[in-house]
Amino acid sequence: MKLQNEPFTNIKKGLKTIEMRLFDEKRQQIKVGDTIEFTNMFSSEKLNVKVIGLHKFKNFEELYSHFNKKQLGYKQTEIASPNDMNQYYTNEDIEKYGVVGIEIKTF
């Protein structure tokens, strides 16, 4: 999976532990215990993480209410908003598939 530089770095440092995605056909194949390879879109650096949990929700509002903002990759001074995900996914796709918080751990 591809990531922007900041979320990639936060996962690498162990700060971001929940990766938020649409629960589409690709993400429905992910199982606890799987390894995911993230690629930094800026540097092409790769990072492998282990899936330790899958948390399915109807939408990003529900997902955001379930986790603290640090787990989602926000800084303490930032406002965590489910609307931030609108740049990646349409409301129609969210309604069709739902969303998933992929709980991960670096190794």
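The lining of the largest pocket comprises 10 nonpolar, 4 polar and 7 charged residues, where Ala, Val, Leu, Ile, Met, Phe, Trp, Tyr, Cys and Pro count as nonpolar, Asp, Glu, Lys and Arg as charged, and the others, Gly among them, as polar. The model is predicted: local features need pLDDT of at least 70 and side-chain atom pairs count only at pLDDT 80 or more, while totals for chains, interfaces and linings use all residues. Residues are numbered from 1 along each chain as its sequence is written, and side-chain values use heavy atoms, with hydrogens and water left out.

The space in this largest pocket is about 510 Å³. A pocket is an open set of points on a 1 Å grid over the protein atoms alone, where a 1.4 Å probe fits, with protein on both sides within 12 Å along at least five of seven lines; lining residues have an atom within 4 Å of a point. Of the 21 lining residues, P7, K16, M20, M85 and Y88 lie nearest the centre of the pocket. Strand 1 (2-3), helix 1 (5-12) and strand 2 (18-22) each contribute at least two residues to the lining; helices (H or I, at least four residues) and strands (E, at least two) are DSSP runs, numbered from the N terminus.

M20 also belongs to the largest nonpolar core, which has 15 residues; M20, F60, L63, Y64 and L72 have the most contacts inside this core. At least two of its residues come from each of strand 2, helix 3 (60-66) and helix 4 (91-97). Such a core is a set of buried Ala, Val, Leu, Ile, Met, Phe, Trp, Tyr and Cys residues joined through side-chain atoms within 4.5 Å, buried meaning under 20% relative accessible area (1.4 Å probe, protein chains only). Leaving aside neighbours within four places in sequence, F60 is in contact (heavy atoms within 4.5 Å) with M20, R21, L22, P82, M85, Y89, I94 and V99. Another core, of 14 residues, lies apart from the largest one and includes M1, F23, I36 and V49.

V49 stands opposite T106 in strand 5, and strand 4 pairs with strand 5 (residues 99-106) in the antiparallel sense over 8 bridges. Strand 3 (residues 35-40) and strand 4 (residues 46-57) also run antiparallel, joined by 5 bridges; E37 has N48 in strand 4 as its bridge partner. In the hairpin of strand 3 and strand 4, with 5 residues between the strands, S44 takes a positive phi near 70°.

Technical notes:
Grid points are joined across faces, edges and corners, and a volume is the space filled by probe spheres set on the points. Two strands pair if DSSP finds at least two bridges between them. Buried means under 20% relative accessible area, exposed over 50%, partly exposed in between (1.4 Å probe, protein chains only).
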